[in-house]
Amino acid sequence: MTTVEAGRPPALADAELVRRRVRSRRRAGRPGYLFVAGYTVLLLAFGVFPTLYAVYLAVTNDRGQFTGLNQFVKVLRDYRFVPSFVDIGLYLVMWLVLVVVLTVLVAVLLRGLVRPGLSTVLRFLFYIPGALAGVASVLVWLFMLNPTVSPVGPLLRAFGFDTFSQVIAPADLPVIFVLIAFWTGAGGWIVVTYGALNNIPDEVLEAARVDGAGRWQSAWHIQIPMIRKWIAYMAILAFAGGTQLFVEPQLMRTASLGRVDPTWSPNQLAYVYAFQNGDFNGAAAISLFLLVLGLLCAGVLVTRSGLFKTEER
Amino acid sequence: MTPPRVPPRSEATSRFVSAAVAAVILTALLIFFVLPAGWLLLAPSKTAGQLVQDFPLSFGSFHQIGAAWRHLASYQDGALFRWLGNSAIYSLGSLVLTLLVSVPAGYALALSEFRGRRLLLTVTLVVMIMPSATLVLPIFLELNLFGLIGSVWSIILPFSFYPFGVYLVYIYFATTLPRDLLSAARIDGCGEWQVFRRIALPLARPVIGLVAFFSFVGNWNNFFLPYLVLPNSEQFPIQVGLNQLLSSTPSFNPVAGAGLDITSSELSLAIVLAILPVLVLFLFSQRALVSGMLAGSTKE
């Protein structure tokens, strides 16, 4: 029967081909392994292993006995745990609203209403404080918020802040951290959002203009919907980063002579567990809460946003 | 549907209002972003007293900058220079390691097939997007387990794990280097290593610069990890050193700062010195930087 006769040999040939291809791919694969070897070792040592070790610590006690979820229950019941999450929650709400609204607004303004040369200069100037990220930015803002030396001292006094300790009252801390985060981070996001707006073809905006849409209308109905993905990207990254606050409250504590709560943020609480109580198991449990938050954000972005590629071309 | 014709006068008015609103917002933001940095650069030229009394954006004197410098240099027998040196060792050491491992890795992820490639890439992406601080405490616990606390390697090795760098190299090679070029070289008898050395590496210069920039800036400014794993002031990088300096400044800590020459003026000079390397890099690599921030994820 011709069909069978015709059918079998190609199948055999296919099998042979596949075998040959697999062999050649394996041969090509070996150098691939060598090229990624160094990086993989680092990934295992400082990405995978610490995570697994933290999980191990969180489900055992200081004698290495398995304790199930007890460590998690313990830190959840700690009277400082929930307040520390409330603190960063307050901070996050303000920070996200501010960074998303202002960044998009400024990028739209820079794209549509400002001459290109000036727009470049402005983006650069907005971006420069990014160089001071971390300790330097907090120290600069300690000066900015100290009514005696601040260049905006009169403004602070007009709001009823006469001394540094009045400024750093507990209720003001989230606002202060938002200011610092915005000062160092917003410029970068303005650059990214501007770049995304730049990718919208001019014809689209031209068509909207011909149809009678004003600048604000086309910004609201066309530009912003078209960069939705980038806005979501920014919001998720800003959220994930914001859950990790440590340097800012820790330095604020140094500067305030310890008047600022030592466990203001969850990361600080984990730090206190590890360094003051020597309770590494509890510290690991807290840091796992934060790790899971970060993992969730990253997972959503990698699988849902379509902004990252894992397949070549 | 025909759009309503807007009378020209109101169109002109609305355009004027738009421009005015834009000008107000942008000016306010410009002041917000520039004023603190400007104040910081001027502060070392003034004494603590002048900082309180003089106009905030005035220049004091070069003499005072010199005085602040001498006070700062004599603080704990030149601790500041030790800290800056430590920062340089940590940042540059891990930069070299980062480049050595991430350039070949990104290259292989982009241009060769091997089992687990997809998995490695996905894990890289996830770790890259996760805030780096999430892993700091677990890394501290790990280093503690292996008794590495306080050694130089406890900083350099974790710093040199840089998934974002690998991703940048991967994207660069995946989008700019045609596979056919590599196949042609292989047919001509080049081994895999030679293909990498002779063809890929020379083309990779722009992305190497980009990875180096982000890695250096990130590590230079890092505070959390060294703060946890370095117990000894001798080993502090400048960021942790600034924290110690802050607690010795009488403007913030009248008790501990008493009798020391560290005032707001000296502290602000220390901040300027601490940010100088990064600031210089920022000023000279603006274009590369912007392209890198956008390359962080592929365009639509």
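Let me start with chain B of this predicted model, where the C-alpha centres of domain 1 and domain 2 lie 36 Å apart. Those two domains come from the domain assignment of chain B, which places domain 1 at residues 9–72 and domain 2 at residues 80–247.

Staying with chain B for a moment, its secondary structure comes to 16 helices and zero strands, and of its 300 residues, 44% count as buried. If we take the contacts in chain B with a separation of 6 or more, then 71% of them are accounted for by residues 24 or more positions apart.

Is Val278(B) buried or exposed? Val278(B) counts as buried, because it has 22 C-beta neighbours inside 10 Å, and the cut-off for that class is 20 or more. Along the chain, Val278(B) and Val217(B) are 61 residues apart, and yet their C-alpha atoms are separated by 6.0 Å. When we leave aside the neighbours within four places in sequence, Val278(B) is in contact with Val217(B), Trp220(B) and Asn221(B), and also with Ala131(A) from the other chain named here.

Let me finish in chain A, with a pair of helices. The axes of helix H13 of chain A, residues 266–275, and helix H14 of chain A, residues 280–304, come within 7 Å and cross at roughly 165°. An angle over 145 degrees counts as roughly antiparallel, and so H13(A) is roughly antiparallel to H14(A). As for the handedness, H13(A) passes H14(A) in a left-handed crossing. Which residues of the two helices make the contact? From H13(A) they are Pro266(A), Asn267(A), Leu269(A), Ala270(A), Tyr273(A) and Ala274(A), while H14(A) brings Phe280(A), Gly282(A), Ala283(A), Ile286(A), Ser287(A), Phe289(A) and Leu290(A). Sorted by class, this contact of H13(A) with H14(A) has ten nonpolar residues, three polar residues and no charged ones.

Definitions and conventions
Residues are numbered from 1 along each chain as its sequence is written. Chains are lettered from A and ligands numbered from 1 in the order in which they are written. This is a predicted model: local features need pLDDT of at least 70, side-chain atom pairs count only at pLDDT 80 or more; totals for chains, interfaces and linings use all residues. Axes are lines fitted to C-alpha atoms, for helices over the stretch in contact, and angles run from 0 to 180 degrees between N-to-C directions. Helices (H or I, at least four residues) and strands (E, at least two) are DSSP runs, numbered from the N terminus. Angles under 35 degrees count as roughly parallel, over 145 as roughly antiparallel, 65 to 115 as roughly perpendicular and the rest as oblique. A crossing is left-handed if the near helix is turned anticlockwise from the far one by less than a right angle, and right-handed if clockwise. Two residues are in contact if their C-beta atoms, placed from the backbone, lie within 7 Å. Ala, Val, Leu, Ile, Met, Phe, Trp, Tyr, Cys and Pro count as nonpolar, Asp, Glu, Lys and Arg as charged, and the others, Gly among them, as polar. Domain bounds come from an automatic or database domain assignment. A residue is buried if 20 or more other C-beta atoms lie within 10 Å of its own, exposed if 12 or fewer, and partly exposed in between; C-beta atoms are placed from the backbone.
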